[in-house]
Amino acid sequence: MKPTRERLTRATLAALPEEIGRPAYDPAAIGAGVLHFGPGAFHRAHQGDYIDRLLEQDARWAIIEASLRSGQVTDRLIEQDGLYTLAVLDREPAMRVIGAVAGCIGPGQEDTLAARLADPAIRLVTSTVTEKGYCLGGDATLDFAHPDIVQDLGFAGPPRSLIGWIVAGLAARRAAGTAPFAVLPCDNMPDNGARVRAAVLALAGRRDAGLRDWIAGEVRFASSMVDSITPASDAALLDRVGDATGLDDRAAVQREAFAQWVVEDVLPADGPDLASVGVAVTGDVAGYERAKLRILNGAHSALAYVGLLRGHETVGDAMADAALARFVEAMVRRDVVPGLDAPAGFDLDDYVDAVFARFRNPAIRHLLSQIAWDGSQKLPYRLLDSVQAARKAGRPVDRLLVPVAAWMRFLSDAAAAGRPVTDPLADRLREAATAGDPVAALLGIDPVFPAVLAGDPMVRGVLQRAFATLADGAGIDALLSE
Ligand code: CS2
């Protein structure tokens, strides 16, 4: 029997062993200035850490966490007075209790959420709702056929989608004559600020042209690039945190030591001073975002889909597979990097070196199956943009298409075994993956493949060959060593 430990709360903070960090401010005396949608592990490990350090100098910027779908995280945080432990697992592991959460709003608490969005103290709305949470269609504009958007177009009752909530919140501000909040999406999508702005304007325009124009003129939307490898919290992490802290923490998170946040320099000056806690505020987020998505996330997805076919479980295992690691490094250096324009002062080769070193971090167990989620949402930005850039420049695409074919194989193997895949397009993907010609059917899914690629006979040919070759282990070996 494990000892029963007391729960981490404000009341038990004082019982933490000396080596565990804790808020250097009074967590009971902070004001909420940021409202965040999607309090998942990544957000708690990343933004939570930046804001926690900001609160040491300015107590106005604590976070209200809003969860639209599941109350699991918000319930746990409420039971712990918003406190949770961040375990930084790297060469020198360190744990620190974060106090940045000032309140939580779970599903079903729409009135509370509406009131918070209307509260003038909230100056910034941030989000980590994954790519699919923005309800964008194939051309990256708001998907008016998405069931949540269809519902929100009624403008009756509480919204369902994030975009619907932003519109409703801004409408309330305008009606009350209060200054709007700024919007800062923090998901792995290129130009995320501009895309969310376009989606918000599209929905607002259906409600009221005056509201649309007011938002267009008054509200700042900033793009951002976020980076820190954050494996999902599991029982092993909670045990480890419990052993180290002596307290029961059910909202603990883990990440590597590296963390980066690049934010577009358009946020109002009266908002949180993110630069003071190490956020890079710049005019060229797009350059950073593209490099990160295509290098780090592209390599991650390649390791995930090919690695799973080779029977690996974690990024570390996949990197220890010399043939696979060599292949993915060659793909990144020879096929991805030539398609990128680096922001001034950013050395792409050094960045690639650093990313592969991070993937080899022995202290992190990052499951390939976690990275393989939502492939339909991730592939376009992570791999297919590189394929398009290579095609345009007349460079070969064979290597770049191997992970895409591996994703197709992953889908067809799952369909054949009756194994569900986690993806908002799961039904369509299953149907296509079991068609007579799965490659052609999958290429026809237009939110994933842009017409220039789907209609490109050379792309189709390369994919078909790779898809067939990936059917068995010997074929995979051969493909990786080409
Ligand atoms: C990963 C990312 O799960 C995934 O798809 O590629 O979450 C990755 O770990 C982060 O973007 C790193 O910043």
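Domain bounds here come from an automatic or database domain assignment. The model itself is predicted.

Start with the second largest pocket. Its lining draws at least three residues from each of domain 1 (10-283) and domain 2 (286-481). The pocket has a volume of about 240 Å³. By class, the pocket lining counts 9 nonpolar, 3 charged and 2 polar residues.

The model holds 2 cavities of 30 Å³ or more.

The largest cavity has a volume of about 60 Å³. Arg123, Leu124 and Ala182 are among its lining residues. Leu267, Pro268, Asp270, Gly271 and Pro272 complete that lining. Sorted by class, the lining of the largest cavity has 5 nonpolar, 2 charged and 1 polar residues.

The second largest cavity has a volume of about 50 Å³. Its lining is made up of Ile229, His300, Val315, Gly316, Arg358, Phe359, Asn361, Ile364 and His366. Two elements, α11 (315-320) and α13 (348-359), each give two or more residues to this lining.

Terms used:
Residues are numbered from 1 along each chain as its sequence is written. This is a predicted model: local features need pLDDT of at least 70, side-chain atom pairs count only at pLDDT 80 or more; totals for chains, interfaces and linings use all residues. Side-chain values use heavy atoms; hydrogens and water are left out. On a 1 Å grid over the protein atoms alone, a cavity is a set of points where a 1.4 Å probe fits but cannot get out, and a pocket is an open set with protein on both sides within 12 Å along at least five of seven lines; lining residues have an atom within 4 Å of a point. Grid points are joined across faces, edges and corners, and a volume is the space filled by probe spheres set on the points. Ala, Val, Leu, Ile, Met, Phe, Trp, Tyr, Cys and Pro count as nonpolar, Asp, Glu, Lys and Arg as charged, and the others, Gly among them, as polar. Helices (H or I, at least four residues) and strands (E, at least two) are DSSP runs, numbered from the N terminus.
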